[in-house]
Amino acid sequence: MENKMVLITAAGPDRPGIIAAVTGNIAAAGARIRDIEQTVTHTLLSLSVLIDFPTGESDQKPLIKDLLFLAKELGLDLDFQVLDEVEYRRKSNRFSYVLTILGGEVNARALARVSAVLAEHEVNIERISKLTQGQLRCVEFLVTAPETLDVKAMTRKLLHAGANLGVDIAVQKESLYRRNKRLVVMDMDSTLIQIEVIDELARLAGVGEQVAEITERAMNGELDFQGALRERVALLKGLKAEALEQVYRNIPFTPGAKNLVRILKRLGFKTAVISGGFKFFTDRLQQELGLDYAYANQLEIEGGQVTGGVVGTIVDGARKAQLLEEIARQEGVTLDQVIAIGDGANDLPMLDRAGLGIAFNAKARVREQANYHINQQSLDSILYLLGLSEREMEEIAG
């Protein structure tokens with residue numbers, strides 16, 4: 001066993017002093033700890049310690065014997081496995097990913113199917129964490145995969161399985177950037193709020209059905225956004241300016257939207273809304289929610305009425321992506337540190353630029369093209385993709 005590593009595993013009732021006792025014995029034997037991990041599920045402890053002897057001169061048998069006696073005193077089940085350096089390095093060089101499963105209920109059938117897909121791709125589950133309290137609604141897997149893994153192919157298979165199981169699944173490369181996001185950019189209509197503002201204005205102008213039809217086709221990517229916007233705005237000609245304030249007073253926020261922004265701000269994130277809608281509304285949302293940035297189209301108003309025109313550069317998909325990059329540069333963050341959230345075809349360019357681009361309750365065509373998509377009622381469910389647990393969210397929100 002000389003010049004070999006020993007993986008020691010212990011399981012049993014948790015109690016104070018276990019780590020002190022185990023590591024104390026290891027230190028006394030002159031062994032070196034190469035890796036260590038402990039988890040406690042309810043009151044059951046699971047401990048793994050990988051050790052070796054730097055000089056290769058010490059005998060490992062006395063240490064194993066001492067640990068077996070210690071385990072008996074502590075009521076632990078102890079086992080050990082010998083590893084060589086080549087095997088250790090091979091396992092250490094595997095790539096790590098975080099897989100998040102989110103739904104109204106993450107049941108055994110969902111876990112079994114997801115785990116089977118991972119196994120088919122030789123992906124090993126290293127750790128499973130429950131992120132919700134009470135009912136199992138969000139589970140996070142830390143997995144390792146071989147360098148040859150086709151991540152896109154595996155993700156497509158997982159997404160297909162998730163659609164059949166009624167759960168959302170996201171696969172992210174585990175890295176510093178995943179844990180160090182600093183900027184969140186959101187669409188407004190049907191994302192931060194539950195309505196399409198232009199459809200509500202059209203309803204008050206008596207052209208609701210005409211505009212809603214164009215909006216639907218534009219969000220599905222069937223129409224050029226700029227042309228569709230000008231066509232819809234032209235139909236609003238003559239609408240009184242007071243109608244804008246009326247619509248804003250009755251805007252329904254997406255459930256979880258205010259909580260999302262509150263938590264992000266307390267965590268030090270910068271926040272922005274970039275909308276293909278109108279500046280009148282994004283300015284007020286910025287003030288009400290305390291957002292750092294707000295960009296949208298300028299609706300032309302003269303003599304207290306909408307003229308049917310738009311002033312300045314139109315915020316379409318390309319402009320959204322450009323603004324996202326400008327904000328990131330201004331804040332001194334990389335694009336890998338940016339989260340973008342949207343639902344329409346005009347959001348796809350900014351979703352693609354962001355390190356984490358999420359299609360939220362999006363149109364079918366948008367879901368197909370986005371790298372990440374979730375269909376949840378609450379917008380703050382996005383925080384699970386950052387690894388935040390429900391308990392942590394409640395603590396931060398106060």
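**Reading contacts and sheets in a predicted model**

Student: Which residues of α8 and α9 meet in this predicted model?

Tutor: V211, I214, T215, A218 and M219 come from α8, and F225, A228, E231 and R232 from α9. They count as meeting because contact means heavy atoms within 4.5 Å.

Student: Why is α8 called roughly antiparallel to α9?

Tutor: Take the angle. Helix α8 (residues 208-219) and helix α9 (residues 225-234) pack at about 170°, their axes 10 Å apart. That makes the two helices roughly antiparallel, because angles over 145 degrees count as such.

Student: How do you know that β1 and β4 pair?

Tutor: Count bridges. Pairing needs at least two. Strand β1 (residues 5-13) and β4 have seven, in the antiparallel sense, so they pass. Within this pair, A11 sits opposite D77 of β4.

Student: What makes β2 and β4 edge strands?

Tutor: The open sheet has four strands in the order β2-β3-β1-β4, with antiparallel pairing. β2 (32-41) and β4 (77-83) have a single partner strand each, so one side of each lacks a neighbour in the sheet. Direction ignored, neighbouring strands are turned by 15° on average.

Student: Which helices touch the strands of this sheet?

Tutor: Helix α1 (residues 18-28) packs on the sheet, touching β1, β2 and β3 (44-52), and makes about 15° with the direction of β3. Helix α2 (residues 60-74) lies across β1, β3 and β4, at about 160° to β4.

Student: What makes β6 and β8 edge strands?

Tutor: Again, look at the order. This open sheet of four strands runs β6-β7-β5-β8, paired antiparallel. β6 (124-130) and β8 (168-173) each pair on one side only. From one strand to the next, the twist averages 20°.

Student: How do you know that β5 and β8 are joined?

Tutor: Six bridges link strand β5 (residues 95-102) to β8, running antiparallel. The cut-off is at least two, so they pair. V98 faces Q172 in β8.

Student: Which strands do α4 and α5 lie across?

Tutor: Helix α4 (residues 108-120) lies across β5, β6, β7 (138-145) and β8, at about 15° to β7. Helix α5 (residues 151-165) lies across β5 and β8, at about 160° to β8.

Student: What makes β10 and β11 a parallel pair?

Tutor: Strand β10 (residues 270-278) and strand β11 (residues 293-302) run parallel, joined by four bridges. The chain crosses between them through helix α12 (residues 279-289), and this β-α-β crossover is right-handed. The label holds because, with the strands pointing away from the viewer, such a path runs clockwise.

Student: What is the sense of the pairing of β11 and β12?

Tutor: Antiparallel, over four bridges, with β12 covering residues 305-311. E302 has Q305 as its bridge partner. The hairpin has two residues between the strands, and G303 there takes a positive phi near 60°.

Student: How does the radius of gyration of the chain stand against a compact globule?

Tutor: The chain has 27 Å, but a compact globule of 398 residues would have a value near 21 Å. Its C-alpha trace spans about 90 × 40 × 40 Å along the principal axes.

Definitions and conventions. Residues are numbered from 1 along each chain as its sequence is written. This is a predicted model: local features need pLDDT of at least 70, side-chain atom pairs count only at pLDDT 80 or more; totals for chains, interfaces and linings use all residues. Side-chain values use heavy atoms; hydrogens and water are left out. Axes are lines fitted to C-alpha atoms, for helices over the stretch in contact, and angles run from 0 to 180 degrees between N-to-C directions. Angles under 35 degrees count as roughly parallel, over 145 as roughly antiparallel, 65 to 115 as roughly perpendicular and the rest as oblique. The radius of gyration is taken over C-alpha atoms; the globule rule is 2.2 Å times the number of residues to the power 0.38.
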